[in-house]
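Me: I'm new to this one, so please walk me through it slowly. Start with whatever term I'll need for the ligands.

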Amino acid sequence: MPVPSPRPASLHATPISALATLVGGTVRGEDVLVSGVTLASQDVVPGDLYAALPGANAHGARYAAAALEAGAVAVLTDSDGLDLLVADGVTAPTVVVEGPRSVVGPVARTLYGTSELGLRLFGVTGTNGKTTTAYLMDSALTALGQTTGLIGTVETRIGDERLRSLRTTPEATVLHALLAVMQERGVDSCVMEVSSHALTQHRVDGVVYDVALFTNLSQDHLDFHPTMRDYFLAKASLFTPQRSRRGIVCVDDEWGRELATIAGVPVTTMTSLADVEADWHLVAEAAPPAGGSDDASDGASGGASNHDPADFTLSDGSTTLRLRSALPGDFNRVNTAMAALALLASGLDAPTVERALRSDPHVPGRMEKVSLDPATDGGEHPSLPLVVVDYAHTADAVAAALKALRPQTTGALVVVLGAGGDRDRGKRAAMGRAAALGADVVVVTDDNPRSEDPSVIREAVLAGARDAAGEGGTTDLHDVDGRAAAIDTAVRVAHERGPGSVVAVVGKGHETGQDVAGTIHPFDDREEVARALRAVATGTRGSL
Ligand SMILES: CC(=O)N[C@H]1[C@@H](OP(=O)(O)OP(=O)(O)OC[C@H]2O[C@@H](n3ccc(=O)[nH]c3=O)[C@H](O)[C@@H]2O)O[C@H](CO)[C@@H](O)[C@@H]1O[C@H](C)C(=O)N[C@@H](C)C(=O)N[C@H](CCC(=O)O)C(=O)O
Ligand SMILES: Nc1ncnc2c1ncn2[C@@H]1O[C@H](COP(=O)(O)OP(=O)(O)OP(=O)(O)O)[C@@H](O)[C@H]1O
Ligand SMILES: N[C@H](CCC[C@H](N)C(=O)O)C(=O)O
């Protein structure tokens, strides 16, 4: 898939003096016209303004010469950047402004003409559920005949054109260009994920969402945000008039409840909890009376009855929507309800929303069942374990995913997980703990180790799993070096535990590579699972 850097066909060439006035900066050198903007020297299009920003690794001014070589005609930077340009003998016309990252959005909006968007824009934030909710909405809008745009972790889509996503939320330069292209191609609605990094780093500046959604907040990214409160406040900034017109807030957690009270735009609240106040209540179909789930609040019990855990109602006391979650788990009912409320807020009526959400979305790597390749193996093998690949990479998500799979498990529930290197270290033990409390067998392995020693990461996850023993967590723990070997182990153990066993392979979901020391090795959990299933089916693969 190509990288998402399309530019609109219609350009708004603008003198840098006008941009300097817009952002409160000064011009050094002659006034020139620029027709685009980028902050990555590798992505320069001739005629661009290169925004040379200070960063954690380097100052972008270091790459200005390369950007000019590639066709940039002017530079936007701060006084430190200007010093670096002078030291490097770079004499190109330059706009100098302090805090240049914070002006890139308005500059991009001017150059790409995105101040008046002719499409409906939805922004989804929250620790977990952004991708899933965005796909549910995209699928519903498509079912209504709309041409849609999608921007998120898994991919970027403009109508039928698919582009690779480098990050969950692109930089402002890429975002405004994408929105302009979407307008040109007649996109009716765009749903995008808005990460806390993006909100902190001004990536969505200059964009006002018609509807902003907040799913939940739990520990993640504390390598980037100093505290949970900073993380929360980053998310909360989406619910201010500079960034959105109205919000839909899930108040199942305390952060959502606080957000509902401090939001600077009108918000509609939703809860799946009976004892929490909200505008809308999600009520799952009642579970059968006895012998079902051990958790009374969980409507997702197994067993034969007419009860279907996917069905639920969403009601504000006067209007009731009857909805169905296309994906398993309590949390996916919440994601579906959030999608429904966002569609209602955008002006669709209740019957239309119900109908639209009956579409069958495919959300890559989210509670995705993997079966043997039908071409090779002739379809389902009832004797093999059910294997689900999921993107749970926080303790909350691991707990939620395992809870969702428990009712489908009549044998052993086996989980394969690791934790990412160069990411929040505090979540590793918590993820191990959640795994040990939710599964019968825990296979700890590598996620994306990045620059870290994988065995050190595994040990942190295992330590959390071991600590859970005192609270009833499983002690059937395995430390397996290498993710493919871990998947083999899990599938084989589940097979040995007999029919009804389930394997959850979590953390990498849709990812197709594994980052080891900066090199991305091709790796797809779904392919590895299919291979492991085949091996078990034919009795050919390794042992514990
Ligand atoms: C912490 C973080 O998000 N950092 C991002 C930030 O880095 P930075 O400001 O420190 O930049 P830097 O690497 O020091 O480089 C300085 C400047 O030089 C430029 N440069 C650099 C090299 C070069 O050859 N040419 C060039 O022009 C860079 O574009 C940048 O403007 O700006 C860079 C340029 O866009 C991003 O690549 C970088 O993302 C890093 C790689 C990253 O991993 N980000 C992740 C954590 C992230 O953003 N994740 C969220 C999802 C979170 C979630 O799960 O919710 C996301 O939205 O994807
Ligand atoms: N509403 C939810 N509440 C709790 N956990 C959830 C919720 N939705 C999804 N999850 C879990 O979190 C994982 C990640 O979900 P999803 O990809 O939709 O979230 P995300 O916010 O986009 O994450 P990321 O930004 O890291 O991609 C899922 O695979 C699932 O295990
Ligand atoms: N957007 C998240 C994804 C984490 C996925 C997991 N596979 C990992 O590498 O930690 C991040 O960049 O932190």
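Reply: A polar contact is a pair of N or O atoms within 3.5 Å; within protein, one must be able to donate a hydrogen and the other to accept it, and residues adjacent in sequence count only if both atoms are side-chain atoms. This is a predicted model, where local features need pLDDT of at least 70 and side-chain atom pairs pLDDT 80 or more, while totals for chains, interfaces and linings use all residues. Residues count from 1 along each chain as written, chains are lettered from A and ligands numbered from 1 in written order, and side-chain values use heavy atoms, without hydrogens or water.

Me: How many residues surround ligand 2?

Reply: 19 residues do, and the closest are Lys130, Thr131, Thr132, Arg366 and Asp390. To be near, a residue needs a heavy atom within 4 Å.

Me: And which helix gives the most to that shell around ligand 2?

Reply: α5, with 3 residues. Helices α5 (130–143), α10 (330–345) and α13 (395–405) each supply at least two residues of the ligand 2 shell. Helices (H or I, at least four residues) and strands (E, at least two) are DSSP runs, numbered from the N terminus.

Me: Let's zoom out. What domains is the chain divided into?

Reply: Domain 1 covers 14–112, domain 2 covers 120–356 and domain 3 covers 368–538; those bounds come from an automatic or database domain assignment. Between domain 1 and domain 3, the C-alpha centres are 45 Å apart. Back at ligand 2, its shell takes at least three residues from domain 2 and at least three from domain 3.

Me: So where does ligand 1 lie?

Reply: Ligand 1 lies between domain 1 and domain 2, because both give residues to the shell around it. That shell has 25 residues, with Ala56, Asn57, Thr168, Glu171 and Ser195 the closest.

Me: Which polar side-chain atoms lie by its oxygen atoms?

Reply: Glu171 has a polar side-chain atom 2.5 Å from an oxygen atom of ligand 1. For Gln42 that distance is 3.2 Å, and for Gln201 it is 3.3 Å. Ligand 1 exposes 1,000 Å² when taken alone, and 76% of that is buried by the protein.

Me: What does UniProt place at residues 34–81?

Reply: Its unreviewed entry puts "domain: Mur ligase N-terminal catalytic" there. In the model, residues 34–81 are 19% helix and 25% strand, and their end C-alpha atoms are 19 Å apart.

Me: Which residues does its "binding site" annotation cover?

Reply: Leu39, Ser41, Thr168, Thr169, Ser195, Gln201 and Arg203, again from the unreviewed entry. These residues span 165 residues in sequence and the farthest two C-alpha atoms are 23.5 Å apart, so they do not all gather at one spot. Ser41 sits in the loop between β4 (36–38) and β5 (48–51). UniProt positions use the numbering here, feature names are shortened, and annotations may be inferred rather than shown by experiment.

Me: On to ligand 3. What surrounds it?

Reply: His221, Tyr391, His393, Gly420, Arg423, Asp447, Asn448, Arg450, Gly507, Lys508 and Glu511. A polar side-chain atom of Asp447 is 2.7 Å from a nitrogen atom of ligand 3, while an N or O atom in the side chain of Arg450 is 2.9 Å from an oxygen atom of ligand 3. Gly507 uses its backbone: an N or O atom there lies 2.7 Å from a nitrogen atom of ligand 3. Of the 350 Å² of accessible area that ligand 3 has on its own, the protein covers 87%.

Me: Last topic, strands. Do β15 and β16 run parallel or antiparallel?

Reply: Parallel: 2 bridges join β15 (residues 267–271) to β16 (residues 280–284), and two strands pair if DSSP finds at least two bridges between them. Met270 has Trp280 in β16 as its bridge partner. On to β17 (residues 311–315): it pairs with β16 in the antiparallel sense, over 4 bridges. There, Val283 has Thr313 in β17 as its bridge partner.

Methods. Accessible areas come from the Shrake-Rupley method with a 1.4 Å probe; for residues, only the protein chains shown count as cover.
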